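Colleague: I'd like to learn how to read backbone angles and sheet layout. Could you walk me through a case?

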Amino acid sequence: MRLLHTSDWQLGMTRHFLEGEAQARFSEARLAAITRLGELAAAHDCVAVVVAGDVFETSQPDARTVARALERLGRLPCPVYLLPGNHDPDEPGAVWRTRAFGEDRPDNVHVLDDTPQTPVEGLEIRGAPWRSKHPTTDLTVEVCAASPDDGARRVVVGHGSIAEVSGGFDAPGTIDLQQLQAHLDAGRVRYVALGDRHSCTSVDPAGRVWYSGAPEPTAYTEVDAGTALLVDLTDATPAVTRLAVGTWRFHRIHHAVHGDDDLAALATTLDAIEDPSQAIVKLSLEGTLDLRQAARLEQLLEERRLTFGALEQPERHRDVAVRTSDADLTDLPLRGYAAVARDRLAATAAGDGEDAEVARDALGLLLRLTDREGR
Amino acid sequence: MRLERLSLEHVRGLDHAEVRFAPHGVTVITAPNEAGKSTLFDALDVLLYEKHTTTKAHVRALQPAGRDVASTISATFTLGPHRVTVTKRFHRDRATEVAVEGPSPWQERGNEAHDRLQELLGAHTDLALLEALRFRQGRPLDALTLAGAPSIARALDAGAGGSGEPDDDVLYERIVEEYRRYHTARSGQEAAVLSDAAAAATAARDEVAELRAKEEELAADVDRARSIAAERRRLDDRAAQLAPRLAQRRDAARQVSELRGELATAAAVRARADQDAQQATAAVEERQALIRAVDARTDELAEAEAVLDARTQDRAPLAARADELEAAVATAGQEVRQTRQDLEAARTAAELAHVRAEVSRLADRQRRIDEAVEEAEAAERFLARTAWTSERERQLQDALQAHRLAAAQLDDAAPQITVLAQRELSVRTGDEPHPLAAGQRFSEAIHADTTLELVGIAEVSVTAGRSHDERTAALQRAEAAVSAACEELGVDDPEAAAALADEVRRAEQAIERRDDRVLRELDGGSRDQLRDELRGLRDREAVLVERLASDEPQLELAAPPGPQELDRLEERQRHAAARLAELEEELRVQRGAVEEATAGVVAARATRDAAASARRAAHDELARVRAAVPDDASDQRAEQAGIAAASAAAEVDRIEEQLRGLDADTVEALVGTAEAEVDAVEKQRTALQTEAAGLTARIQVVGGQGIGEARQAAEAELERRERDLRSLRRRAAAARALKEAVDRAREEAYAAYRAPLRERIVGAGRLVFGEDLDVELDEDLRVVARHAGGVWLPFDQLSAGAREQLAIVTALAAADLAGEDGVPLVLDDTLGYSDPDRLELLGAVLGRVAGPQVVALTCVPGRFDAIPGAQVVRLDDG
């Protein structure tokens, strides 16, 4: 008896670094993940899919986002149990309570509340839904505690951080791992399906408590996103298998740029990224470049920006010093007034502050305009 | 390029001409007009640029008119280090020959030679400057344009140390283009691309703010909904707590309420007992009151009867007096009537007397009138009848006169008897006696025998004498005439005649007087009026007589009664009337008194009747009450009812004591409090329910609008917009900084660049325009303004002569600046605008020229005489 454990779809998420169609593709990929999860559920003969919170990016997603999600959910081969999480708590005004959601919700789609669900004989699913953005109690542990210690095949679906995993904070609503384990040991629960952490993570040494990870990554900080979990509950101890689902990748690239060789290396690094149209790259560069090299860096990034899903870079080369070398200046084959202007800008650029930056930019522009002349 | 020699054969009108140019300084070529001096440089152009094979019109035009001969042009000049000799023949036997001496000499013929010449020209000649320094006849007086002359640019660049490359301008245009992407051309403000980006960022920011506000509103609604839910739960709990307390208090209240019921019943019983007691007591009291009433009514009746008697007695004398007065009034009335009747009768009688007097008066007048009329009528009849006329009268008078004369005459002659009476006696002569008193005399003449009788005494006869006869005869005749006249008059004697005459006169007078009399009697009226009046009076008289007859006056009237009598009667009548009025007033007053007394009697009778009736009623009532309940039974009943009332009051006191023991008011107040509390809770629940419903609906609506995702999208959009804007601004700042730096450097470079040319122009031109000459050059090296005589003037506003001179000075400066790269300055019949003084000064300027080659062509002898050291060539010299 298997079920598919997933979470943190965050449908309707927008990313400022995604321009135009990239955002559309990114959004579409998140919806497409539902279909892929359905295919995996079918392939692995799952009896249910549980989504452990944050189905939507916000409590008030766009109607189109909801309609498209429900349309895809309705095609899943088995019942789907959606848990309201911290992003989309089940509070007044939330998507779960809208008329559109109520009317369009397919029969196989269920929103977890206090009622235990039984998708098939011998499997009980209990949810610990969020009812506000700031719960004051440990919802998941409460649900576990309320379950009978009958050793039944019971899955609790919860959402939230665990201090041991996310760091030592002790905010209200944080899930207490030890209590969870106690309830697992007591036979009240057999598996705890968690959401909130986008990286796929096993929390319990016995493998009974898992974060499934988000099916599509959402941030650079995620270690192991783009996953879902196949949970086999046949035996008393669940057997959990990690499945790859995601198509997009976030890359954080740090690169030193100290000259032409480094620029070439950076180009190579970027070009090595697979499927750049679904790659979101954040560059952090450091080093010192002369004007011409800086211009070349700009050009290098400009070219790749067209192919990458997103290519973020610091706006002002804050970590890349642009120096105006003598070579820069003399290399610019300028005479007469142009040369005089160049020299003056160079003098300003050698200083600090806003004027210097503007002067460096002006020199860069002069370089570009001069280069256009093919010299 | 430096010209050395130019020769022509069979070119236009010139069969042969050759000019040798001074290598430096001025060469003046003079020729008469139309002698072909312009042909020289046209031919030089053709030689330099046209192939000998050409058939171009302007080349064909060089062939002398009507002569099929070859035109040969040949020139020697230097191009940089090269000395070049070119000869070309056109039209016939066409040929080109070029010989170049210098660093790499060569010699060539034909078109190849031409092509190589072109290369050489391109490499060593500033063709633009060549064109610029060619002052043709009739050239417009524009400022000289030197911008396209590379040799000038090179010279200036060399001076300014710049690149001198034309690409610099291309770069500048790109810089400007880049600048204009972000800035407006005119004011340098942000261009649309920037302001649009800023507007987009602002719009995105607004969008985010709006959506965040919406989210916050929704969150506030959700919070409120939560707190309402909590409050409702609290209220539910509170309601649950309040319910049993309310029930308990209601039980206590119910007990109180029951007791209050008992109390009410007891109170009702007591009320009834009290009522019975009161009624019984009242019955006793009522009976005693009835007895007292009967007594009182009896007393009242007696009193009323006494009053009635008294009033009846009081009224009797008043009534008697009234009767007396009535009788007196009747008598007085009779008196009044009688006196009035008497007065009337007296008045009638008085009037009758008056009428009668009037009738009498009027009748007299009537009669007098009638008499006058009758008298007049009788007179008229007499006059109609009488024979008297005035003629006859006069005849008689005349006859009498004559008689008297005759008589007198007789008398005179006749004796006179005179009788003197001694005593009283009578004398008669004839028939008639004449009495005489004693002492009286009687005299008479005796005409005839006469007897005189003294009556009773004596008779005396007297006889007449004879002479007397004649006179007597005359007298007789006179007497006959008198008799005849009398006869005529129908009378017997003159006395009758006199009487007749009197009668006639009276008749005439009567007739005359008739009208006077009638009118006097009528006194303005007519006889008819008089008659009518008289008739009216007589009628009135008849009436009055009748009235008087019919009345029955009580008193004897002294007819007719005088005014005094009438006054007396009137006084009597007034007195009677006054008496009557007095009596009537007294009677009226008396009658009032009687009526009042009568009313008093009536009232007293009514009072008496009422008292009698009341006494009867009281008596009947007492009798009825006594018949129903005897006096003893009534007293007994009152006593029993009093005992029952006391018993009922004791019961009420007992229950009230019990209620006080239960603290009934507090119990009821507490029920009220509990109920109010429950009500309040219920109201809050209802209010919260209503608010919750509203909130739920609003949350439902807003929650379904997808604002969360929209806000995130808007934030992303804002992030992008702001990034775009920052990027654009950074680029704009770079473009501005670059352009500003370049503009500044460029301006400085241009200033430096133009300086040598300007200095040369000023240096050369000072001689012409004065020591303070200065010029302003634009980017195209054109003179745009001149300073002279302390005044800056735009080039366009200079005089034609000044413009021409300035252009030549500029050209000279350019030629000088170009140095070895230079070309000849050619002045073809110029300076036509300059006055002799200026011309002389300009000549001095040209004369100073050391480096450049200047060629001046003129058809005006003497125009360039002032140029010192000029080489002069006369074209017609050959």
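## Backbone and sheet, step by step

Modeller: His10(B) sits in strand 1 (residues 2–11) of chain B, strands being DSSP runs of E with at least two residues, numbered from the N terminus. This is a predicted model, where local features need pLDDT of at least 70, side-chain atom pairs count only at pLDDT 80 or more, and totals for chains, interfaces and linings use all residues. Residues are numbered from 1 along each chain as its sequence is written, and chains are lettered from A in the order in which they are written.

Colleague: What is the phi of His10(B) near?

Modeller: Most residues other than glycine have a negative phi. His10(B) has a positive one, near 55°. Asp196(A) also has a positive phi, near 125°, and lies in the loop between strand 7 (191–195) and strand 8 (201–202) of chain A.

Colleague: Is Asp196(A) partly exposed or buried?

Modeller: Partly exposed, at 24% relative accessible area; that class lies between buried, under 20%, and exposed, over 50% (1.4 Å probe, protein chains only).

Colleague: Which order do the strands of the open sheet in chain B have?

Modeller: Strands of a sheet pair through backbone hydrogen bonds, either parallel or antiparallel. Here four strands run 11-10-13-14 with antiparallel pairing, and a pair needs at least two DSSP bridges. Strand 11 (432–436) and strand 14 (458–462) of chain B are at the edges with a single partner strand each, so one side of each has no neighbour in the sheet.

Colleague: How many bridges join strand 10 to strand 11 of chain B?

Modeller: Five, with strand 10 covering residues 425–429. Ser426(B), for instance, has Pro435(B) in strand 11 as its bridge partner.

Key. Heavy atoms only, no water.
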